[in-house]
Structure formats: structure tokens, C-alpha cells
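This briefing covers side-chain contacts in a predicted model.

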Amino acid sequence: MVTVFFLSVFFVLYSYAIYPLCLKMLQPKHNITASTPETWPTVSLIITAHNEATRIAEKLDNAIALDYPKDKLQIIVASDCSSDNTDDIVTTYADKGIQLVRADQHLGKEYAQYCAIQKSTGDIIVFSDVSTDIPADAISTLARYFTDDIVGAVSSEDRFISEGGKIVGESAYVRYEMWLRALESQQAGLVGLSGSFFAARREICLRDWDTQSPSDFNTALQTSKAGLIAISCPDVLGYYKDIKDEHKEYARKVRTVIRGITALARHTEVLNPAKFGLFAFQVISHKLLRWAVPWFLLLTAISTAALLGSHWFFNLAALAQLLFYGMAIAGWRSPQLRQNIAIRIVFFFIQVNLAIAEATVKFFSGTRMTVWAPSAR
């Protein structure tokens, strides 16, 4: 039980703390800098939509306002068989250069993106969700990173906007994730891009587009297979609002993890260090072992209970865990208490791991999440 306790604690800490420290201790392999290209590349912006009638016009206005040479920017709305009047609204923008590509089947986000890729003409393909607001200079800033031949894909950095403009638990978590992505960008590249706003070279998108796997993970995988890297850029931003309904936000987390596990199950070769080297190490550390954290938390609690009374250290460990979970319960019962930063972070950490645990159980029970419904924000 002592062995179980210490191994469990180690793996709880590993993915969130030890793994980033390992990356930080490594000599950076890449130091990518953006530079203005002699000739701006052609860009296809693909906006994926499913029943987005209430906000598609705002998104299209945002796309039209982008500061990029108009003769080199193609804007496509990939409609995943929308059943409302999303498509009708998009067609009213045809005279402004917006092209509608409607998927022939309702098979999910990635299939709709695949249909749009077939109609795209850009050297660089940018993917964005309707909920994401793109700054006017974002596409031109993003394009500058592709002047480095080693760059195969570029991910934006997420910025959450709350109603009051305050930092919430998830925003703190996202800042941590962006820091981790910066470390991965210096090594073998990102193991997953920001699904709401990212870009890739055309040849990456045409390489092996898996409609059953999240496009942000599949793009990172195909980039690595091509001998290139996917990077995160602090000056390429995507803004979107927090989901107001906590139950819907929790459900979104469960769906996201199920999709992620599905992708890894479909591409287990990426876990082979002999084939993917450091990239495999990063996938194992950032994805696989991160998804195992809830079960290591459970093993920590069980082993602590079994060792209770055997030594003062395990008594202290039990007290620390009671305090930790007590903070999470307090945050769950009282939104007001979540204004405290410590309670907010602990609450969010437990919420994330509960979502991972539920997603894991659902995945192994046969649940898959290919067809999507965008979260209301």
C-alpha cells in the first residue's frame, strides 16, 4: 500500500507539474520567429457551423473585417447539415465573397471540414468555430509563422471572456495550458491545437484527414508524421466567452475527452517512441497520463485510508486530502466561495477530473462523440 500511495501521488503530480519541468530542462530544439513573407500566401478560412443562425452573421462580419489581402483570402462556411436557417443567412453574404459548402451528410464537425477542404484553394488553411472572435490582424500574424519551413501548423492561444471580464478558474487553467504549449512548441511540437482557431499547411490537411478524430489532434499528428512541428503562438489570439450554464460546460468537457480518447485509440502508433520519438513522450505525458489522473487520485485516497494510523505522515496526507476535497465541495455548493482563487482552482481541478473519469467510463462503455452540437455561450 505504501508503494501504491507514492506511485499514485507521483502520477497525479507528473502530468501537471513534473512533465512541464522535464520539458523546461531540455535544450529547446526550435526557436521559431515570425517574419513578413515576400509574398503573402493564399489563405482559406473555414468556419464550421451547425445550427448557428443566432450568431453566424456576427461571425461572418468578423471574418470580412480581417486585415488580410482580399484577393488572397477565401472564406468558406462548412455547414454540417444545419437544419435551421444558418445556410440561408450565409448565402446572403455571397456578394461579399463568403462561400457556403454544405456537407452531404450530417456526420460531424470533421466531416464538414473535410468537405470544405476539398473546395479550398489556399496554401494555408485556417479553421475557426463560430463562437470564436478573431482579431483583425490575426490571419496576417499567423501567416508570418509559416515563413519557417519547419512549421506545419499554428495554434492560436485561447482567451476566455467572462461577463464581468474577470479571471475565472478555467482562465487560470487555460493560462497554464498555454504555458505548457509554449514548452512543447520548443520541442517536438504541440500534441493538440486549439480546436476553435488553428491553421495548417494545405499538404498537412490533405495528408490523412480522419473524420472520426478531432481535427486539432489529427492535424498535430499529421504534422509530426510529415517531419514538421505544430506550434502555439502568443500573438495569435482567439477570444470566446465562457459557457454560462455550468452543467453544459461540464458536458462539453466530457464530450471533449471522449473525442480525445477516441482519437488516441484510433492512432495508437503515436504512443511508440521508436517511431515518433519525443513527440510520443509528449503525447503519453500530456494526454494519456493526464486522463489517468482521476484514477490515481482514487488510488491515493484508497491507499491513504488503508495506511491511516500507521504513521503520522499518512495521517497528515489524509487530512490534506480531506481539506482539498472539502474546498472542492464548498466551491460546488457556493458560487460565492468560488470567488476565492484557491477554492476556484481546486473546484475546477476536481470538476475536470470528474469529467475525465465519466468520459473514460463512457468511452469503454461504447460511447463515441462524432456528431456535434455547439455549446451555447
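Glu110 and Arg259 form a salt bridge in this predicted model, with 2.8 Å between the closest N and O atoms. The pair joins distant parts of the chain: Glu110 belongs to helix α4 (residues 109–119) and Arg259 to helix α9 (residues 246–266), 149 residues apart. Across the whole structure, the search finds 10 salt bridges.

- Lys253 and Glu249 meet through their side chains in a salt bridge, at 2.4 Å from N to O.
- Both Lys253 and Glu249 lie in helix α9, where 4 residues, or about one turn of the helix, separate them.
- Lys253 is buried at 8% relative accessibility, and Glu249 is buried at 7%.
- A network of salt bridges links Glu249, Arg252 and Lys253.

- Lys362 pairs with Glu358 in a salt bridge whose closest N and O atoms are 3.0 Å apart.
- The two residues, Lys362 and Glu358, are 4 residues apart in helix α13 (residues 341–364), which means a separation of about one helical turn.
- Lys362 counts as partly exposed at 32% relative accessibility, and Glu358 counts as partly exposed at 28%.

**Cysteines**

- The disulfide count is 0.
- Cys81 is in no disulfide: the nearest cysteine sulfur belongs to Cys115 and is 8.2 Å away. That distance is not within the 2.5 Å required, so Cys81 and Cys115 do not count as a disulfide.
- Cys81 is buried, with a relative accessible area of 16%.
- Cys22 is partly exposed, with a relative accessible area of 25%.

**Aromatic pairs**

- The structure has 23 aromatic pairs.
- In one of them, the ring centres of Tyr16 and Phe349 are 5.4 Å apart and the planes meet at 65°, so the arrangement is edge-to-face.
- Tyr16 is in helix α1 (residues 2–25) and Phe349 is in helix α13, so this contact ties together parts of the chain 333 residues apart in sequence.
- Tyr16 and Phe349 are both buried.
- Phe363 and Phe364 make an aromatic pair that is edge-to-face, with 5.2 Å from centre to centre and 85° between the planes.
- Phe363 counts as buried at 8% relative accessibility, whereas Phe364 is exposed, with a relative accessible area of 65%.
- One aromatic cluster is formed by Phe10, Phe11, Tyr14, Tyr19, Phe281 and Phe296.

**Charges over rings**

- Arg290 sits over the face of Tyr16, 4.3 Å from the ring centre. Tyr16 is also the partner of Phe349 in the edge-to-face pair described above.
- Arg338 is placed over the face of Phe347, at 4.5 Å from the ring centre.

Notes:
Residues are numbered from 1 along each chain as its sequence is written. This is a predicted model: local features need pLDDT of at least 70, side-chain atom pairs count only at pLDDT 80 or more; totals for chains, interfaces and linings use all residues. Side-chain values use heavy atoms; hydrogens and water are left out. A salt bridge is a side-chain nitrogen of Lys or Arg within 4 Å of a carboxyl oxygen of Asp or Glu. Buried means under 20% relative accessible area, exposed over 50%, partly exposed in between (1.4 Å probe, protein chains only). Rings of Phe, Tyr and Trp (its six-membered ring) pair if their centres lie within 6.5 Å; planes under 30 degrees apart count as stacked, over 60 as edge-to-face and the rest as tilted. A charge sits over a ring if NZ of Lys or CZ of Arg is within 6 Å of the ring centre and within 35 degrees of the ring normal.
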